[in-house]
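Hi everyone, thanks for making time. I'd like to walk you through one protein structure today, so please have a look at it while I talk.

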Amino acid sequence: MAANAQMPFQNIGLNEELVLSASEEHKTFSQLISFFSRTKLFDLKRLMIAERDLTKKINLYLPLQNESFLNVSLNELLSFRKKEITGNIKLIMKRMQRGDKCFATITDDGEISSMSWVSFGWSKKDGNKLDLNEDEALLLESYTFEDFRNKGSQSFNIGMRLKILQELNYTKAYVIYSKGNTFSKKALRKNGFKDCKKIFYLTILGMNFQLSWDLFTEGLRKAYIIN
């Protein structure tokens with residue numbers, strides 16, 4: 001996935017994540033993890049938060065095919081009749097009501113090749129310990145539909161969202177992704193992101209704990225029970 005993600009660009013986490021396609025092996029593993037999570041016997045989520053300084057130059061990596069990058073409404077999304085959209089309608093509506101923006105790349109033939117999100121009002125109550133300031137934004141998933149992968153849409157999506165935020169005078173952008181997602185990390189570094197925080201969410205016998213490391217200060221920042 002140097003260019004295009006087959007899975008969500010980032011795992012937004014504890015209570016907000018689009019359910020997108022996956023391999024059978026991944027589904028089986030996810031079902032097993034989900035069982036332990038539902039029963040509250042044991043669960044471990046390892047997430048990274050990375051940041052991008054928007055006052056610095058942004059390089060735009062163009063895709064291999066001609067695509068238009070557009071902010072789309074709910075009705076426009078539904079008009080494409082994609083299961084990845086209709087299957088997540090409640091969460092998509094929640095995001096749009098919150099003020100999040102959905103962007104789509106549209107081919108010359110009028111097909112949607114990918115969709116990506118920006119949240120302007122994300123706060124801790126949305127699932128992760130990150131409160132945005134007025135001049136900060138959070139990039140959510142960037143998803144490329146199967147027929148259009150490996151054509152550069154992923155990096156294009158990242159760069160275009162950063163360009164838009166920069167033009168709107170935002171000074172910083174964040175992303176949240178799974179610690180083990182090396183594909184996302186590669187794409188983020190290519191676009192100027194730097195890891196700034198590591199978060200562990202641990203559930204043991206119904207008790208929930210969070211440990212947070214600030215990577216810039218190289219030390220444990222917080223460790224506490226979050227029940």
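Let me start with a term we need: a charge sits over a ring if NZ of Lys or CZ of Arg is within 6 Å of the ring centre and within 35 degrees of the ring normal. With that in hand, look at Lys 82, whose charged end sits over the ring of Phe 145, 5.1 Å from the ring centre. There is another case to find: Lys 190 lies over the face of Tyr 61, at 4.4 Å from the ring centre.

A word on what you are looking at. This is a predicted model, where local features need pLDDT of at least 70 and side-chain atom pairs count only at pLDDT 80 or more, while totals for chains, interfaces and linings use all residues. Residues are numbered from 1 along each chain as its sequence is written, and side-chain values use heavy atoms, with hydrogens and water left out.

Now the overall picture. The protein has six helices and nine strands; these are DSSP runs numbered from the N terminus, with helices (H or I) of at least four residues and strands (E) of at least two. Of its 227 residues, 43% are buried. By buried I mean under 20% relative accessible area, by exposed over 50%, and by partly exposed anything in between, with a 1.4 Å probe and protein chains only. The protein exposes about 12,000 Å², and carbon and sulfur atoms supply 52% of that; the areas come from the Shrake-Rupley method with a 1.4 Å probe, and for residues only the protein chains shown count as cover. As for contacts, meaning heavy atoms within 4.5 Å, take those with a separation of 6 or more: residues 24 or more positions apart account for 67% of them.

On to the inside. A nonpolar core here is a set of buried Ala, Val, Leu, Ile, Met, Phe, Trp, Tyr and Cys residues joined through side-chain atoms within 4.5 Å. The largest one has 25 residues, and Leu 77, Ile 112, Leu 130 and Leu 138 have the most contacts inside it. Which elements give two or more residues to this core? They are strands E1 (42-53), E3 (101-107), E4, E5, E6 (172-178) and E7 (194-204). Apart from that core lies another, of 21 residues, including Leu 54, Ile 58, Ile 158 and Phe 193.

Next, the aromatics. Rings of Phe, Tyr and Trp (its six-membered ring) pair if their centres lie within 6.5 Å; planes under 30 degrees apart count as stacked, over 60 as edge-to-face and the rest as tilted. The whole structure holds four such pairs. In one of them, the ring centres of Phe 69 and Phe 156 are 5.9 Å apart with planes at 80°, so this pair is edge-to-face. Phe 69 belongs to strand E2 (residues 67-72) and Phe 156 to helix H5 (residues 153-167), 87 residues apart, so to speak a bridge between distant parts of the chain. Both of these phenylalanines are buried, and ring pairs link Phe 69, Phe 103 and Phe 156 into a cluster. Tyr 143 and Phe 145 also pair edge-to-face, at 5.4 Å centre to centre and 85° between the planes, and both are buried.

Ser 116 ties into this region. Ser 116 sits in strand E4 (residues 112-119) and is buried, at 0% relative accessible area. Beyond its neighbours within four places in sequence, Ser 116 contacts Phe 69, Lys 101, Cys 102, Phe 103, Glu 141, Ser 142, Asn 157 and Arg 161.

Last, two loop residues. Arg 81 has a positive phi of about 55° although it is not a glycine; Arg 81 lies in the loop between helix H2 (74-78) and helix H3 (83-86) and counts as exposed at 74%. Asn 169, also not a glycine, has a positive phi near 70°. Asn 169 is in the loop between H5 and E6, and is exposed at 63%.
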